[in-house]
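Here is a short report for a first look at this protein. Please keep the sequence and the structure in view while reading.

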Amino acid sequence: MQEQLLDVAIVGGGPAGLNAALVLGRARKNVAVIDEGRPRNAVTRESHGFLTRDGISPSEFRRVAKEQIAAYPSVSFVADTAVSVAGADGHFQITTATGQSFASRKLLFAVGMKDQPLNIPGLTEVYGKSAFVCPYCDGWELRDQPLAVINRGAEVMHFAALISGWTDRFTICTNGPDELTEEQREELRRHRVPLYDAPIRSIVSNEGIVRQVVLEDGTAVSCSGIFFKPELAIGSELPRALGCKLTELGSVEADMLGKTNVPGVYSAGDAASRMHQVVAAASMGALAAAAMNNELNVEAWSRNG
Ligand SMILES: Cc1cc2nc3c(=O)[nH]c(=O)nc-3n(C[C@H](O)[C@H](O)[C@H](O)COP(=O)(O)OP(=O)(O)OC[C@H]3O[C@@H](n4cnc5c(N)ncnc54)[C@H](O)[C@@H]3O)c2cc1C
């Protein structure tokens, strides 16, 4: 039996891939969403900042999304890992870890970003519970609390000004040489922000709530929350394998509609942006879907005319 040629194969079923599927389903396109179900925010209990969904758990967000998309029968969900992609605009082939294969005219990579292993003892225990990466996502819950900011270099200055909107009780731990200029240190002193550059020995916590950041020199920084800079990598090597250009941060280079340098290949969400937020990912998924749908309709119009 001949394999069905899908209109769009979506690799990744987070907010970006799911919103793309919704828009494409409503546009009557045949779509498969291939998702292995390992989103980056699986560590959190609550996701914030998405209008009508503030505080929802990431798994409930996906459940409701899938329930609503189920109203559009041309969209199917495949719980699997895409392991290879080949082909070109008009006919891509995707194979999965369990040996399924799909063919599609267009391809959307909505593969997210993934955390590299956290190398500070004790950080894994608090990540997503009282240690976070983005104040827009979790700053409100930690407002006015004593916090530790783990970061170094010029970014520290940017983050210090940013986090001061949520609390003025924060300490910077650079976990090794601070990589700051004397001017920058002086600026922190003027703002009465403590700065420690000793390496971090461990993070002491109780049931996921951080109590202290303990440094190698014996200093113990008491705090009830942490913001830190994570090390990230793109969620899948497939975009690179297909020839998509990547940015210096390792995300896919894409225009405002998610279009990559490879014809017919789009990318959306964290994998194609510096703004790592659910609402931004969903919005990019919707835009990429509209752009792919437009290409598909124009191509079909010319084929049939
Ligand atoms: C601790 C933490 C807290 C956060 N809190 C918030 C918050 O409160 N509010 C907010 O707006 N944002 C928050 N975020 C950011 C938010 O999680 C991301 O912006 C959002 O999930 C990005 O959506 P996405 O669809 O791009 O990627 P993801 O949600 O990461 O989904 C990508 C999906 O693609 C799948 N995938 C990857 N490769 C393959 C493959 N080869 N085959 C099949 N499937 C594949 C993954 O398994 C995953 O399911 C938080 C992030 C973290 C880490």
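Asparagine 206 stands opposite isoleucine 209 in S13. These residues belong to a predicted model. Strand S12 covers residues 200-206, and strand S13 covers residues 209-215. The two strands run antiparallel, and 6 bridges join them.

The hairpin of S12 and S13 has 2 residues between the strands. Glutamate 207 takes a positive phi there, near 50°.

## The antiparallel sheet

S12 and S13 are part of an open sheet of 3 strands. Its order is S12-S13-S14, and the pairing is antiparallel. Which strands stand at the edges? They are S12 and strand S14, which spans 220-222. Each has a single partner strand, so one side of each is left without a neighbour in the sheet. On average, neighbouring strands of this sheet are turned by 25° against each other, direction ignored.

S13 also pairs with S14 in the antiparallel sense, over 3 bridges. Glutamine 212 has serine 222 in S14 as its bridge partner.

## The parallel sheet

Another open sheet has 5 strands, in the order S8-S15-S9-S10-S11. Here the pairing is parallel. S8 and strand S11 (195-196) stand at the edges. Each of these has a single partner strand, so one side of each has no neighbour in the sheet.

S8 and S15 run parallel and are joined by 2 bridges. In this pairing, alanine 131 stands opposite isoleucine 226 in S15.

## Helix H5 against the sheet

The buried residues of H5 are Val156, Met157, Phe159, Ala160 and Ile163. Several elements cover them, including helix H4 (135-138) and helix H6 (182-190). Strands S9, S10 and S15 are also among the cover.

## Aromatic pairs

How many aromatic pairs does a search of the whole structure find? It finds 4. One of them joins phenylalanine 50 and phenylalanine 61. This pair is edge-to-face, with 5.4 Å centre to centre and 65° between the planes. It links distant parts of the chain, 11 residues apart. Phenylalanine 50 lies in the loop between strand S2 (31-35) and helix H2 (58-69), while phenylalanine 61 lies in helix H2. Phenylalanine 50 counts as buried because its relative accessibility is 19%, under the 20% cut-off. Phenylalanine 61 is buried too, with a relative accessible area of 15%.

Tyrosine 127 and phenylalanine 228 form an edge-to-face pair as well. Why edge-to-face? Their ring centres are 5.3 Å apart and their planes stand at 70°, and planes over 60 degrees apart count as edge-to-face. This pair also links distant parts of the chain, 101 residues apart. Tyrosine 127 is in the loop between helix H3 (123-126) and strand S8 (131-132). Phenylalanine 228 is in strand S15, residues 225-228. Tyrosine 127 and phenylalanine 228 are both buried.

## Charges over rings

Lysine 66 lies over the face of phenylalanine 77, at 5.3 Å from the ring centre. The charged end of arginine 143 sits over the ring of tryptophan 140, at 3.9 Å from its centre.

## Glutamate 295

Is glutamate 295 buried or exposed? Glutamate 295 counts as buried because its relative accessibility is 15%. This residue is placed in helix H8, residues 278-304. Neighbours within four places in sequence aside, glutamate 295 is in contact with Lys106, Lys259, Gly264 and Tyr266.

## The whole chain

The protein chain has 305 residues, and 48% of them count as buried. Its secondary structure comes to 8 helices and 17 strands. The C-alpha atoms fill a box of roughly 70 × 35 × 35 Å, taken along the principal axes.

The accessible surface comes to about 15,400 Å². Carbon and sulfur atoms account for 52% of that surface. Among contacts between residues at least 6 apart in sequence, 57% join residues at least 24 apart.

Definitions and conventions
Residues are numbered from 1 along each chain as its sequence is written. This is a predicted model: local features need pLDDT of at least 70, side-chain atom pairs count only at pLDDT 80 or more; totals for chains, interfaces and linings use all residues. Side-chain values use heavy atoms; hydrogens and water are left out. Two strands pair if DSSP finds at least two bridges between them. Helices (H or I, at least four residues) and strands (E, at least two) are DSSP runs, numbered from the N terminus. Rings of Phe, Tyr and Trp (its six-membered ring) pair if their centres lie within 6.5 Å; planes under 30 degrees apart count as stacked, over 60 as edge-to-face and the rest as tilted. Buried means under 20% relative accessible area, exposed over 50%, partly exposed in between (1.4 Å probe, protein chains only). A charge sits over a ring if NZ of Lys or CZ of Arg is within 6 Å of the ring centre and within 35 degrees of the ring normal. Axes are lines fitted to C-alpha atoms, for helices over the stretch in contact, and angles run from 0 to 180 degrees between N-to-C directions. Contact means heavy atoms within 4.5 Å. Accessible areas come from the Shrake-Rupley method with a 1.4 Å probe; for residues, only the protein chains shown count as cover.
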